[in-house]
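Please keep the sequence and the model in view while reading.

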Amino acid sequence: MNKFINFIAGAAIGGLIGATTALLLAPVSGEELQAQIKEQVEQIQLEVKTAASDRRAELEEQLSTLREPRPPA
């Protein structure tokens with residue numbers, strides 16, 4: 001049981017040290033980082049919507065081609 005408590009305490013201390021180090025060494029402020037993340041998410045959403053729209057147009061074209069009546073053989 002003592003080993004488990006020592007492990008948990010070490011993990012907590014390591015987590016705090018890691019978080020503190022990350023905050024101190026971060027190249028931008030929190031607000032700037034949030035703005036960058038928001039911009040990237042918006043860009044990804046736009047790309048996904050565009051890709052979905054393009055794919056939908058392709059599928060609708062294929063469907064209309066398949067629905068065209070074929071001449072009797």
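Helices are DSSP runs of H or I with at least four residues, numbered from the N terminus. The model is predicted: local features need pLDDT of at least 70 and side-chain atom pairs count only at pLDDT 80 or more, while totals for chains, interfaces and linings use all residues. Residues are numbered from 1 along each chain as its sequence is written, and side-chain values use heavy atoms, with hydrogens and water left out.

R56 forms a salt bridge with E60, their closest N and O atoms being 3.0 Å apart; the term denotes a side-chain nitrogen of Lys or Arg within 4 Å of a carboxyl oxygen of Asp or Glu. R56 is exposed, with a relative accessible area of 56%, whereas E60 is partly exposed at 44%. Exposed means over 50% relative accessible area, buried under 20%, and partly exposed in between (1.4 Å probe, protein chains only).

By this rule, the count is two salt bridges. E58 also forms one with R55, the closest N and O atoms lying 3.1 Å apart. Both E58 and R55 belong to helix α2, three residues apart, about one turn of the helix. E58 is partly exposed, at 42% relative accessible area, and R55 is likewise partly exposed, at 43%.

With 35% relative accessibility, S29 counts as partly exposed. The C-alpha atoms of S29 and Q43 are separated by 21 Å, the two residues being 14 apart along the chain.

Note on methods. Helices (H or I, at least four residues) and strands (E, at least two) are DSSP runs, numbered from the N terminus.
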